[in-house]
Amino acid sequence: MAKIDIRRPHGKTVAEARAVVDAVASRMNEKLGTEGGWQGDTYVFARSGVKGAIAVSAADVHVTAELGMLLTPMKGMIENEIRQKLDEKFA
């Protein structure tokens with residue numbers, strides 16, 4: 001299993017950052033078929049082949065994920081996509 005671990009500082013309030021994560025999670029649900037929900041300030045998601053979390057704090061957003069064997073070869077591409085979205089949404 002490949003693991004993804006990315007932190008991105010942000011200048012938003014926790015509520016603003018959560019709203020951004022909500023929008024991203026909604027799109028992720030539509031596009032990738034993930035299911036998830038909030039556990040405190042962490043959005044936990046899963047689908048076949050991947051499980052992960054997006055934790056929001058006053059200082060940063062922390063994305064973690066575990067990829068199954070079928071998605072492991074795509075780890076680099078997935079990490080790049082996550083970094084691009086974080087740059088776009090939290091710049």
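Analyst: One term first: contact means heavy atoms within 4.5 Å. Also keep in mind that this is a predicted model. By that cut-off, E79 is in contact with K3, I4 and I6, once its neighbours within four places in sequence are left aside.

User: Where is E79 found, and why is E79 called buried?

Analyst: E79 is found in helix α2. Its relative accessible area is 17%, and buried means under 20%. So E79 counts as buried.

User: What makes V20 buried?

Analyst: V20 has a relative accessible area of 17%. The cut-off is under 20%, so V20 counts as buried. V20 belongs to helix α1, and its contacts, leaving aside neighbours within four places in sequence, are K12, K89 and F90. M74 is another matter: V20 and M74 are 54 residues apart along the chain, and their C-alpha atoms are separated by 25 Å.

User: How do you know that V56 is buried, and which residues does V56 touch?

Analyst: V56 comes in at a relative accessible area of 7%. Since buried means under 20%, V56 gets the label. V56 sits in strand β4 and touches V14, A17, R18, V21, W38 and D41, not counting residues up to four places away in sequence. Take D41 from that list: V56 and D41 are 15 residues apart in sequence, yet their C-alpha atoms are 5.5 Å apart in space.

User: Why is S26 called partly exposed?

Analyst: S26 has a relative accessible area of 35%. Buried is under 20%, exposed is over 50%, and partly exposed is in between, so S26 lands in the middle class. S26 lies in helix α1. From S26 to R7 it's 19 residues in sequence and 20 Å in space, C-alpha to C-alpha.

User: Zooming out, how many helices and strands are there, and what pattern does the protein follow along the sequence?

Analyst: The protein has two helices and five strands. Read along the sequence, the pattern is β-α-β-β-β-β-α.

User: How do you know that the radius of gyration agrees with a compact globule?

Analyst: A compact globule of 91 residues would have a radius of gyration near 12 Å, and the protein has 12 Å, so the two agree. The C-alpha trace spans about 35 × 20 × 20 Å along its principal axes. As for burial, 33% of the 91 residues are buried. On the contact side, residues 24 or more positions apart account for 48% of the contacts with a separation of 6 or more. The protein exposes about 5,500 Å², with carbon and sulfur atoms supplying 55% of it.

User: What is the volume of the largest pocket, and which residues are closest to its centre?

Analyst: The largest pocket has a volume of about 830 Å³. It is lined by 27 residues, and the closest to its centre are M28, L32, I78, E81 and I82. The elements giving two or more residues to the lining are α1 (14–32), β3 (42–47), β4 (50–56), β5 (60–67) and α2 (75–90). Helix α2 gives the most, with nine residues.

User: What classes make up the lining of the largest pocket?

Analyst: The lining has 19 nonpolar, one polar and seven charged residues. Glu counts as charged, so E81, one of those closest to the centre, goes in the charged class.

Definitions and conventions:
Residues numbered from 1 in each chain as written. Predicted model: local features only at pLDDT ≥ 70, side-chain atom pairs only at ≥ 80, totals over all residues. Heavy atoms only, no water. 1 Å grid on protein atoms, 1.4 Å probe; cavity = no way out; pocket = protein on both sides within 12 Å on 5 of 7 lines; lining within 4 Å. Points joined across faces, edges and corners; volume = space filled by probe spheres on them. Helix = DSSP H or I, 4+ residues; strand = E, 2+ residues; numbered from the N terminus. Rg over C-alpha atoms; globule rule 2.2 N^0.38 Å. Buried < 20%, exposed > 50% of the residue type's maximum accessible area, 1.4 Å probe, protein only. Areas by Shrake-Rupley, 256 points an atom, 1.4 Å probe, with all protein chains shown as cover.
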